[in-house]
Amino acid sequence: MLDKSFDKVKKHFSFRTLFTVVLIFAALASLFLLSSCTGLPVTPFETEAPLNEEPDARITAYSIAEAKDGIIINLKCDIDKELEGCELLIRLFGDNSKELNSITIDPPLEPTDVFIECEPEKVLGEICAELLLYKDARHSYGGITLKIAYGLPQLTPYGVKCVLNVMTDEEKAELVTGHSPKKQGASGATLGLWKYGIPSVTVNDGPAGIRYAYGIWYPSVMNISSSWDRELVETVGRAIGEDTLAQGIDVILAPGMDMQKYVLGGRNFEYCSEDPLLTGLTAAAYVNGVQSSGAGACLKHFAANDQETYRGSVSVVLTERALREIYLRPFRIAVEKSSPLTVMSSYNSLNGTHTSVNRELLTGILRDEFGFRGAVMSDWGAAGSVVDKVKAQNDLNMPGNAGDKDAILSALEKGELSREELDRCCENILTAVADSASFYGIPMNTGIDYDGHSALAADVAADTFVLLQNENDALPLKKGTSVVLFGNGADKTVFGGNGSGSVIPQKTVNIFDGIENSNKLVCYDYYNDPFRWCDPHDPEKPNADVRLTEEYAELSAKEADCAVIVISRSSTEGADNKAIKGDYYLSDNEAEMIDRASEAFHREGKRVIVLLNVGNPIEVVSWREKVDAIMMIGYPGEGAGTAVAKVLSGDVNPSGKLTMTWPKDYSDTPAKDYFPGNQSQTIYYDDIYVGYRYYSTFGADVAYPFGYGLSYTEFKYSNFKVTATAQGNYYAEVVVRNTGKRKGREVVEFYVLKPGTTLEQPSYELCGFVKTAAMKAGQYQKAKVLIKASDIASYDTENSRYIVESGDFVFRVGSSAGTFYGEQTVNRPDVTVVAEAENRCAPATKFDVLQKSES
Ligand code: BGC
């Protein structure tokens, strides 16, 4: 019945498919253009939104019911003035899509019962009502489908209210709590109620792939974010979405998008960046990719779950401005640019109120201000009663407790919970369910495309590596170079982080095997290298942390061409890393290994390369001069070894950039004195000065700045220009030329220094970025971005609104947050109010935060 309808169901799906095809075609076309000429004419940039919006018309249906000789639909229409004169066409279909009747009426502007004659008793099962507002044969608006089966309204995207109307309190009370998934081992599910055509929707973890045996382990979110390549992120998202459906799951609980605020954050590998713009745009691309497959995504954890220590009890104390500019902004961007199906609230409290029971946060900000329309679920077992969660519009209590239903019913009875509050959550859940794969009947459980997606995971990983140091062009390695591998991680490569963000892969390629299998490099002493037999996970083994002996260093330095040392660290949900040896600092054995390898290999005139297989920055300043090249490979997923071989051999030119600042030492971080706080609170004294905003403003020297990353080629920037548009936005453009000898891509970063006329402002903030296409030596490309007023706005707490200050704005272009090649000042004579808001989550008592004047 549904496939005859013209409502969102099919339009939505075919639009997604069409959109993806167009995207792929556009990407191929631009690649072709870019590679076939020297003056590169194609520039990725965003266009401004059209000034005039299409007139709008909507139909809201409240009920559909069978009467004696027909169907009664209670509905109302909202139509823009320009559309006055529209008519409402209602057509009824019975079994086998047989048309039963159709009528045309004036659209009712108030809730009204409309009767359409037919003989329900002659219909075997369902009656489908299609409603369409139309002006003339060529202009129609607001088409919806309603359905009734055996006398009961059925769920359709626009028929949610009709179903709610007839659901019992018991059913509603069960809907707002989680249920056991049909798919054993999945994280959770919603209630299915087949009499209303409501399927149970299964949700399961990500984000580095669907966490169900056996899946594909993609590079971590931290890695794909390091590519600064939204097309790449979307491609990975799409593949992850396909795996999700292939495993019989509707919604992947991903992406993670809290801030990489602390260099020790245990889940930084699941998050995108220390910068809100990069985080928001990466997350939006991930969601768009996942949802283009028909699966649903889930932004998590809303908000400020930036540390794992005490995550269930800690209250993050912060100013309304920092909350909005740093921690909430990524969610706003992702909601606006990708319409995620779901959002997960976090474990922590914000200024004393748990996020899952925080009405101001979930209703006031997420829905009313940001326009989120899907369902919110709690994190698993998060504090707060189910009743308070429902009141706040944390729609779904996960994973669900046996007592939830009774608690809801008793609160309803006592008047502690209103029926409207319960209905609101049910409506949110059903709206999401009516947009799910199970509802559409999209094929699921089809089996993963292991070969295709495994190859994709390895290919993509190579594009996420960040080259941090490359003295005397130590990299890439010539064909035939023999490489000796040192370090536990060469064999026990850390493919991803632990906890719910891990994946159970079908196969993995560690670094030993990646080099051994490569047709470019030779793995020296593959069978006898002492690091092949270590087991850092087995404390019983004396060689858990293998030492590099002087003898082996000397021998291999004579026989192999180069040493590659792998430094690995694990990170996990539930715990933060530590500023101790073997974690943030090298262990004694690692330091000794770097010393011995460097001495032996340099004595022979040979190179030493270090691969950082880590989920967080580590200390590098004390040892980096001893080695020739350093590459951050992060958590590259199951194809780690294959990707490493490709990048070391120069098959792939590294083009990633850091998503976090790497400080010189832990003691330089703004959080050193207050992280992780205590059981009950952690105070964000650094306020808006997170990551590079802190280091650049307060003059702290860093090891590697945010946005930093080298290439095997070089780029020159010229002709930087910023042009204002009539709407108060800007186009920033610059010409980037590949002046080196190899093909490569460059991430071009735009920053802004705001005038600080009325508000405290950091030295500079990222306001746009774009990644060039692959340019051959000598080729150039114009990189151009649209910087909207909202991209440079600040939150003015005193007047509770987002503003762009008046005064001089200094725009800069650079290759990192520490290297700029052009600057232009633009004056704004007046203050622009970008959006009005309300101070909804301010701290109960004022506290001193970091400010320039006090430094
Ligand atoms: C994590 C979430 C995860 C959930 C379900 C929680 O412990 O914080 O990120 O989605 O478990 O597994």
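I will talk about the ligand, then about some salt bridges, and finally about one threonine.

Please keep in mind that this is a predicted model, in which local features need pLDDT of at least 70 and side-chain atom pairs count only at pLDDT 80 or more, while totals for chains, interfaces and linings use all residues. Residues are numbered from 1 along each chain as its sequence is written, and side-chain values use heavy atoms, with hydrogens and water left out.

In the side chain of Glu573, an N or O atom is 2.6 Å from an oxygen atom of the ligand, and a polar side-chain atom of His301 lies 2.7 Å from a ligand oxygen atom. The protein covers 90% of the 310 Å² of accessible area that the ligand has on its own, with areas computed by the Shrake-Rupley method with a 1.4 Å probe.

Now to the salt bridges, of which the structure holds 52; the term stands for a side-chain nitrogen of Lys or Arg within 4 Å of a carboxyl oxygen of Asp or Glu. In general, side chains of opposite charge can pair when their charged atoms come close.

One of these salt bridges joins the side chains of Arg91 and Glu130, at 3.5 Å from N to O. Arg91 lies in strand β4 and Glu130 in strand β7, so the pair ties together parts that are 39 residues apart in sequence; strands here are DSSP runs of E with at least two residues, and helices are runs of H or I with at least four, numbered from the N terminus. Glu130 is buried, with a relative accessible area of 1%, whereas Arg91 is partly exposed at 25%; buried means under 20%, exposed over 50% and partly exposed in between, for a 1.4 Å probe and protein chains only.

Asp169 forms another salt bridge, with Arg419, and their closest N and O atoms are 2.5 Å apart. Asp169 is in helix α3 and Arg419 in helix α11, so this pair ties together parts that are 250 residues apart in sequence.

Finally, is Thr713 buried or exposed? At 6% relative accessibility, Thr713 counts as buried, and Thr713 lies in the loop between β27 and β28.

Definitions and conventions:
Polar contact = N/O pair within 3.5 Å; in protein donor to acceptor, adjacent residues only side chain to side chain.
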